[in-house]
Amino acid sequence: MTAVATAPTSTAREKRRVLLAALSGTTIEWYDFYLYGTAAALIFNEQYFPTDSAFASTMASFASLAVGFLARPIGGIVAGHLGDRIGRKSLLVASLLLMGIGSTIIGLVPNFDAIGWWAAAALVALRLVQGLAAGAEWGGSALLSVEHAPPSRRGLFGSFTQIGSAAGMLLATGMFVIVQALMTDAQFEAFGWRIPFLLSAVLVVIGLWIRLGVRDAPEFQQVKDAGATDRVPVVTVFRSHWRPLLVTIAQRIAQNSVYFLITVYVLSYLVDTHGDKEAGVNAVMIGSAVGLVTAPFWGWLSDRVGRKPVTIFGFVAIAVFGWVFFGYLSTGALALLPLLMILGMNVAHDSVYGPQAAWFAEQFPVEVRYSGVSMGYQLGSVIGGGIMPMIAALLFELGGNTPWLICGYLTFIAAISLTATIIAKDPRGAEIRAERAA
């Protein structure tokens with residue numbers, strides 16, 4: 001396995017610009033992507049998928065959310081091939097533009113009452129566009145950060161891509177909270193929910209200006225200039241790097257599942273069990289704000305002690321968290337919901353997510369790295385987070401309107417991810433042991 005390279009290196013100014021580009025670009029991308037999740041839990045079930053059954057409408061809304069995840073591996077494969085051939089920057093600019101266009105148009109689509117099932121079809125089509133863009137985004141942004149990083153700070157640098165996820169969720173939920181606070185329920189349902197989607201057009205312009213000012217890392221540029229890029233990197237990954245691919249897929253499953261369980265499904269769960277549309281959104285917003293600090297902390301810690309110990313802790317925490325979380329919600333109280341959200345998002349989830357960009361990049365050589373990390377990340381996203389809200393809703397129904405089947409499922413997939421983590425190679429851990437022995 002080839003570790004992320006040492007030389008050549010980027011200048012200090014380039015590193016700062018790259019970190020800003022990674023943070024701002026992924027913030028905007030995930031703002032757009034997470035807007036859909038929040039709207040799917042709160043508004044799309046009634047506006048675009050009305051049926052005689054509230055459960056059927058909710059399932060249809062969450063199914064449309066999952067469609068975006070199904071498209072992400074396709075976006076990741078296409079972007080991985082092109083990114084390993086022509087460069088990371090070009091694909092990042094394209095993904096940001098595609099996501100912004102798709103999200104803005106969602107804010108303009110008439111609802112079911114206006115155009116019938118064409119409204120649902122248009123929403124699903126635009127969700128596919130979002131999925132393609134998201135599939136292209138993460139791998140390129142993560143590699144741009146990690147490949148520009150000093151070897152001893154790859155976890156910290158890579159975490160700036162992960163901070164974008166928390167910042168995007170904070171921005172998305174924050175916009176919904178602001179709009180809901182300024183409008184009546186009727187105004188919000190009539191047109192207010194569209195405002196956050198329309199604002200994405202402005203954010204994309206800002207993100208493009210920042211990203212156009214960066215360049216690919218010298219490490220990749222050296223390979224490209226030497227004509228040593230891989231002709232079919234996707235095939236090479238499947239043929240020669242299938243083991244790290246399986247590891248990255250498995251590590252992604254539980255991490256992404258717990259995130260979409262507590263940031264999307266729980267919003268619907270609280271409406272059904274507590275009649276509350278605001279407590280969950282507010283708690284997610286608080287957890288996202290804390291994530292601006294915890295994601296880089298866990299990335300930094302993985303630079304100090306290795307990726308594996310930090311990630312093992314995270315998956316054990318995820319396995320336990322579901323029981324604590326739903327056990328508390330079953331008491332009927334919501335006063336401590338923000339604290340529980342912080343334990344789930346910022347301790348259990350972020351201890352896996354913070355080091356993830358660096359660890360995934362360290363699994364693949366530079367010639368196929370974009371393809372490897374994109375496929376692992378996005379395939380794991382489909383199996384994990386993409387279908388988690390839908391699975392949780394189904395398990396809640398099968399469990400007699402109790403959450404315990406959901407908790408058991410989360411523990412089961414956490415055990416799968418934990419097993420993959422234990423057998424995975426940890427280049428940073430080996431480097432730390434070598435430094436201590438020297």
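## Cavities

About 60 Å³ of space lies in the largest cavity of this predicted model, in which local features need pLDDT of at least 70, side-chain atom pairs count only at pLDDT 80 or more, and totals for chains, interfaces and linings use all residues. Residues are numbered from 1 along each chain as its sequence is written, and side-chain values use heavy atoms, with hydrogens and water left out. A cavity is a set of points, on a 1 Å grid over the protein atoms alone, where a 1.4 Å probe fits but cannot get out; lining residues have an atom within 4 Å of a point. Grid points are joined across faces, edges and corners, and a volume is the space filled by probe spheres set on the points.

The lining of the largest cavity includes Gln162, Tyr259, Gly291, His349 and Asp350. Two or more lining residues come from each of helix H6 (154-182), helix H13 (279-305) and helix H15 (337-353), and H15 gives the most, five. Helices are DSSP runs (H or I, at least four residues), numbered from the N terminus. By class, this lining has five nonpolar, five polar and one charged residue. Ala, Val, Leu, Ile, Met, Phe, Trp, Tyr, Cys and Pro count as nonpolar, Asp, Glu, Lys and Arg as charged, and the others, Gly among them, as polar.

The whole structure holds two cavities of 30 Å³ or more. The second largest cavity, with a volume of about 30 Å³, is lined by Gln251, Thr311, Val352, Gln356, Trp359 and Phe360. Helix H16 (residues 356-361) gives the most to this lining, three residues.

## The largest pocket

A pocket is an open set of grid points with protein on both sides within 12 Å along at least five of seven lines. The largest pocket has a volume of about 330 Å³. Of its 18 lining residues, the closest to the centre are Asn45, Ala54, Thr58, Ser268 and Asp272. Helices H1 (12-47), H2 (54-86), H12 (242-274) and H18 (388-398) each give two or more residues to the lining, and H2 gives the most, five. The lining comprises nine nonpolar, five polar and four charged residues.

## The second largest pocket

The second largest pocket has a volume of about 170 Å³. Among its lining residues are Leu42, Ile43, Asp185, Phe188 and Lys277. Helix H7 (185-192) supplies the largest share of this lining, three residues.

## A loop residue

Asparagine 401 lies in the loop between H18 and helix H19 (404-423). Although Asparagine 401 is not a glycine, its phi is positive, at about 60°.
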